[in-house]
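Hi,

Here is the structure I said I'd pass on. Have a look at it first, and my notes on what turned up follow below.

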Amino acid sequence: MPPDNLIDGRSIANQIHSETAVRIEALKRKGVQPGLAFVRVGEDPPSQVYVGMKERASERLGIRSETHVLPEATSEATLLELIHKLNADSGIHGILVQAPLPPQVDSLVVFSNVSPDKDVDGFHPINVGKLLLGDRTGFVPCTPAGIHELLIRSETPIAGSDVVVLGRGNIVGKPMAALLCQKARHANATVTLCHSQSRSLRNHCRQADILIAAIGVAEFVQEDFVKPGAVVIDVGVNRVTDEQAKGGSRLVGDVAFLQVQPIAGKITPNPGGVGPMTIAMLMSNTLRAAEILVR
Ligand code: NAP
């Protein structure tokens with residue numbers, strides 16, 4: 001029997017997809033079909049998989065998508081030229097530039113050149129600023145937005161809770177902390193943001209009512225990092241060698257699931273937790289970008 005303390009990301013993502021689909025139909029009746037452009041540079045295998053999953057989700061929901069694949073050696077100027085073209089294209093409401101980008105390209109420059117109105121990934125400085133300021137007109141990055149929805153829809157109390165976010169990356173950790181510390185409904189948490197230079201990391205984690213692990217280190221969070229009854233969200237995607245597995249490797253999270261699941265109040269499976277929510281929030285952000293245009 002599956003453990004009954006799982007936060008089922010697949011089923012919550014499906015609920016969100018259903019809500020998004022209804023609103024897309026309403027928009028189509030007004031003559032607008034949301035359009036989403038994917039930009040991928042190079043042939044990084046995980047990026048190919050992620051963009052493929054996002055393309056299929058778009059198709060299922062009736063979002064028109066187009067994918068632009070540029071060679072690994074693409075210069076920053078060429079990439080910016082494509083982004084400016086997409087910014088000016090009235091049939092495109094959302095633009096997603098898949099990370100990681102090759103080293104000759106400065107991701108901060110690239111993200112700053114996506115029109116903030118089409119920045120469905122929420123990485124443009126204007127949207128980052130709006131998130132910090134608590135201005136809800138911006139786009140929130142998809143993974144933290146998805147984790148927030150997981151907490152809300154699993155009825156996890158957030159206000160007043162001690163939250164530890166493990167990892168201060170720009171894509172997950174920092175925006176996650178910014179979201180949960182707002183003076184707002186479904187926020188008002190006391191947030192501690194930990195990273196590789198944090199002292200007493202384990203002690204910080206052990207205080208958490210909600211522990212969100214986003215560091216990219218396989219099974220880093222062990223049983224003794226977790227307060228019994230805490231809600232544990234595992235964001236990490238790490239490939240580890242396993243000779244028994246197909247292809248000689250398998251994916252694991254940042255949490256040692258088998259150790260932590262029995263003592264956690266609730267926990268996300270991995271896969272099947274945060275990943276599907278990232279895609280659901282991308283679809284929802286794209287819909288919102290299109291809705292704003294017709295308003
Ligand atoms: P990132 O930008 O590389 O940030 C990693 C953070 O973890 C950094 O702040 C780093 O600290 C910290 N860190 C690394 N090793 C540590 C250690 N041993 N102890 C404490 N802190 C440590 O990564 P990211 O983009 O935020 O992604 C994090 C993980 O989430 C990755 O596994 C990624 O694949 C996964 N992810 C999943 C999804 C999804 O949809 N499921 C989406 C995005 C990311 P410093 O800042 O001190 O270097």
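This is a predicted model: local features need pLDDT of at least 70, side-chain atom pairs count only at pLDDT 80 or more; totals for chains, interfaces and linings use all residues.

V49 sits in helix α2, and its relative accessible area of 49% makes V49 partly exposed; the cut-off for exposed is over 50%.

On the overall layout: the protein splits into domain 1 (31–117) and domain 2 (142–275). Between the C-alpha centres of domain 1 and domain 2 there are 28 Å.

Next, the sheet. Five strands make up an open sheet with parallel pairing, in the order β5-β4-β6-β7-β10. The edges are taken by β5 (190–194) and β10 (266–267); each has a single partner strand, so one side of each has no neighbour in the sheet. Further in, β6 (residues 210–213) and β7 (residues 231–234) run parallel and are joined by four bridges.

Then the charged contacts. There are nine salt bridges in the structure, and these are the ones I looked at:

- E149 and R153: their closest N and O atoms are 2.7 Å apart. Both residues belong to helix α6 (residues 142–153), where they are four residues apart, or about one turn of the helix. R153 is partly exposed, at 29% relative accessibility. This pair is also part of a network of salt bridges that links E19, E149 and R153.
- D224 and R202: this salt bridge comes in at 2.5 Å, N to O. D224 is in the loop between β6 and β7 while R202 is in helix α8 (residues 201–206), so the pair ties together parts 22 residues apart in sequence. Both ends count as partly exposed, D224 with a relative accessible area of 33% and R202 at 37%.
- D242 and R250: here the side chains meet at 2.7 Å, N to O. D242 counts as buried, at 18% relative accessibility, whereas R250 is partly exposed, with a relative accessible area of 38%.

Which of these would you start with? I'd go for D242 and R250 myself, as a salt bridge with a buried D242 and a partly exposed R250.

Cheers

Technical notes. Residues are numbered from 1 along each chain as its sequence is written. Side-chain values use heavy atoms; hydrogens and water are left out. Domain bounds come from an automatic or database domain assignment. Helices (H or I, at least four residues) and strands (E, at least two) are DSSP runs, numbered from the N terminus. Buried means under 20% relative accessible area, exposed over 50%, partly exposed in between (1.4 Å probe, protein chains only). Two strands pair if DSSP finds at least two bridges between them. A salt bridge is a side-chain nitrogen of Lys or Arg within 4 Å of a carboxyl oxygen of Asp or Glu.
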